[in-house]
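My notes follow the display.

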Amino acid sequence: MTDLTAARETLQRVFGHSEFRGFQSDVIAEVLEGRDVMAVLPTGGGKSFCYQIPAILRPGVGLVVSPLIALMQDQVAALRAAGVNAARLDSTIVSDQRRATLDAARAGQLDLLYLSPEGLFAQGFLDFLEECPLALIAIDEAHCVSQWGHDFRPDYRALGQLAGRFLGVPRTAVTATADLKTQADIRTQLKLENARAFIDSFDRPNLVLSAERKSTQPQDRIFDLVNARRGKSGIIYAGTRDNVDKIAANLSALKVPALAYHAGLDAGLRADRQHRFQEEDDVVMVATIAFGMGVDKPNVRYVIHADSPKSIEAYWQEVGRGGRDGEMAEGFCIYSATDLRRAIMFANQGAATEQVKAVQIKKARQLFAYLDGLTCRRAGVRRYFGEENAERCGVCDICTDPPVSIDATELAAKAISAVMRMDQRVGRGRVVNHLLGRTGDGLDEQYATRTTFGIGADQPEPVWRNVIEHLLFEGVLSEGDDQRPTLSIGDDDTVRAIFRKEHVVRMREAAPPTRRSKEDRRATRGAKDAVREGFKGEDAKLFDALKSWRRETAHASGVPPYVIFHDATLAAMVRDKPADFAALGRVSGIGEAKLKKYGAEVLAVLIAGV
Ligand code: ADP
Ligand code: ZN
């Protein structure tokens with residue numbers, strides 16, 4: 001049997017799926033050959049199988065380093081439900097259990113062992129690991145190693161040591177968010193210079209996105225959005241604890257099952273709330289970003305940013321918590337100039353180096369230009385992550401209802417000329433002053449003799465700031481990463497095309513009005529989709545019956561319902577109506593262990609329902 005045949009067989013037998021997705025088989029093939037690999041796959045892209053399947057197939061224990069306990073708990077629960085010998089070591093594990101796990105690891109009886117970096121570097125633990133047969137080392141959420149990413153964790157840095165310590169053990173770094181700089185950093189920090197990289201598209205075709213400026217009554221707006229989606233599971237991100245509490249209280253007063261979550265709450269209460277959110281279908285979580293990486297509930301149907309996130313990466317990761325099951329999910333981002341100011345202020349107050357702060361500020365600016373821009377939401381993010389030829393999504397607010405825009409080609413040409421005449425050596429402020437014909441200091445004076453000095457005096461300063469931000473977001477101009485970023489030409493071809501007037505630059509004219517009526521239309525359309533995707537009549541009853549069986553079963557074993565079966569698997573059962581074990585085993589998402597464990601009960605529900 002070739003390696004990949006064995007991998008496919010494992011996918012089917014253990015997890016009940018018949019085909020690999022995207023780059024999964026490429027990544028798995030590398031690991032099975034014993035080589036290091038780096039994989040950047042979108043949320044829901046199935047990163048876990050990339051290391052779980054080789055860990056099952058290769059002799060020894062697959063070590064998985066993961067940043068969060070909640071994330072480990074869910075993965076281990078799901079693996080165990082599928083009959084895989086998986087365990088975790090974290091601070092919640094009592095010492096008896098810990099000893100049993102360590103013994104099993106040393107004996108090579110575990111397929112997968114999940115740990116936090118703290119656990120890994122605890123006194124003497126690496127020495128212990130040297131006695132264990134290791135199948136591979138997987139580093140989940142690998143972007144945490146980079147200070148250019150948005151979840152920097154200093155303790156991830158030490159993971160580079162593993163390269164020298166466990167020679168011959170293949171290492172796999174996986175993440176869903178890493179721009180080019182972060183990818184380079186993952187390679188150097190984790191000593192993966194020779195690893196093959198598999199970078200998938202960042203597209204999330206099932207996300208329907210929109211963004212709008214805050215109205216004078218942002219709370220009402222949030223209520224309208226949530227109200228139109230009652231009964232669905234959603235996440236609302238707010239920028240401050242205060243705002244979280246306020247929104248949650250408002251929604252609760254309006255009889256929406258809303259929970260607040262932020263770092264100011266007691267840990268037990270937070271765990272309870274996260275648990276309720278995972279378990280119940282219609283709960284709305286109102287949270288700061290403290291509610292984060294561990295969230296892998298598959299059927300989150302919408303994510304609302306009540307305040308803007310801090311970067312496009314953060315936005316994509318947060319909004320990406322919607323629709324992990326592949327079904328339609330909506331993302332709304334509500335932003336204001338105050339949010340941008342706050343992001344810049346936070347960046348400046350942090351403990352990071354000046355260089356890191358400058359990057360954070362630049363990222364906040366790029367996010368804002370994006371939110372307020374004219375680019376298709378999904379295509380914009382994909383280009384930001386370095387994808388070429390990203391096509392329009394056709395379903396976002398910009399695609400379905402393009403905002404009023406102006407032809408800024410000539411303005412763009414003037415701004416670009418100024419950047420060039422100033423030798424691509426100065427930052428935004430100086431370029432704007434130069435266009436306006438103003439001078440501040442000697443350097444400004446020096447450039448005042450250039451032909452571009454004052455060519456923009458007919459426009460007010462904010463227009464020039466807008467033009468430059470817009471060009472930055474389009475990638476026509478680029479900005480350095482240093483503390484005082486200089487503007488330079490990002491894309492020569494587009495610049496030439498702009499000068500020849502072959503490339504038209506369009507910019508949003510003014511603040512877009514809050515588009516409530518359009519929103520209502522979108523909500524209605526969402527509701528229709530739900531009916532179409534769902535079932536009617538007998539099938540709807542059968543689906544409900546399967547869901548209540550799942551709820552009871554999950555409750556009895558103390559795991560979230562999706563650990564038993566995903567919604568998509570239940571839906572496939574309703575569609576296929578398998579009448580015996582063999583047919584049930586062919587339904588996607590049902591592996592051997594689950595067939596054995598739940599087959600009879602599920603068939604009973606199916607037969608009673610038909
Ligand atoms: P992420 O990349 O976001 O970590 P996961 O590994 O959690 O994604 O996988 C997301 C979902 O997709 C899981 O429910 C998983 O079972 C499912 N999945 C992954 N790979 C496949 C596949 N090849 N076929 C069918 N379902 C898959
Ligand atoms: Zn679009």
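**Zinc site and ligand 1**

I started with burial at two cysteines: both Cys 376 and Cys 399 are buried. I kept in mind that this is a predicted model.

Next I looked up what holds the zinc ion (ligand 2). Its protein donors are the SG atoms of Cys 376, Cys 393, Cys 396 and Cys 399. They lie 2.3 to 2.4 Å from the ion. I checked the geometry of the zinc site too. The angles among the 4 donor atoms run from 102 to 122°, and the site is tetrahedral. Along the chain, the zinc donors follow the spacing C-x16-C-x2-C-x2-C. I then placed two of them on the fold. Cys 376 sits in the loop between helix H15 (354-371) and helix H16 (377-384), and Cys 399 in helix H17 (residues 397-400), so the pair ties together parts that are 23 residues apart in sequence.

I moved on to ligand 1. How many residues surround ligand 1? I found 15, and the closest are Glu 19, Gly 44, Lys 47, Ser 48 and His 566. By class, the shell has 3 nonpolar, 8 polar and 4 charged residues. Helix H3 (residues 47-57) gives the most to this shell, with 3 residues.

Then I listed polar contacts. A polar side-chain atom of Gln 24 lies 2.8 Å from a nitrogen atom of ligand 1. The side chain of Lys 47 places an N or O atom 2.7 Å from an oxygen atom of ligand 1. For Arg 324, a side-chain N or O atom is 2.8 Å from an oxygen atom of ligand 1. Last, I noted the cover: ligand 1 taken alone exposes 570 Å², and the protein buries 82% of that.

Technical notes:
Residues numbered from 1 in each chain as written. Chains lettered and ligands numbered in written order. Predicted model: local features only at pLDDT ≥ 70, side-chain atom pairs only at ≥ 80, totals over all residues. Heavy atoms only, no water. Donors = N, O, S within 2.8 Å, 3.2 Å for Na, K, Ca; no water. Tetrahedral: all angles 85-135°; square planar, octahedral: opposite > 155°, others 65-115°. Helix = DSSP H or I, 4+ residues; strand = E, 2+ residues; numbered from the N terminus. Buried < 20%, exposed > 50% of the residue type's maximum accessible area, 1.4 Å probe, protein only. Near = heavy atom within 4 Å. Polar contact = N/O pair within 3.5 Å; in protein donor to acceptor, adjacent residues only side chain to side chain. Areas by Shrake-Rupley, 256 points an atom, 1.4 Å probe, with all protein chains shown as cover. Nonpolar A, V, L, I, M, F, W, Y, C, P; charged D, E, K, R; others polar.
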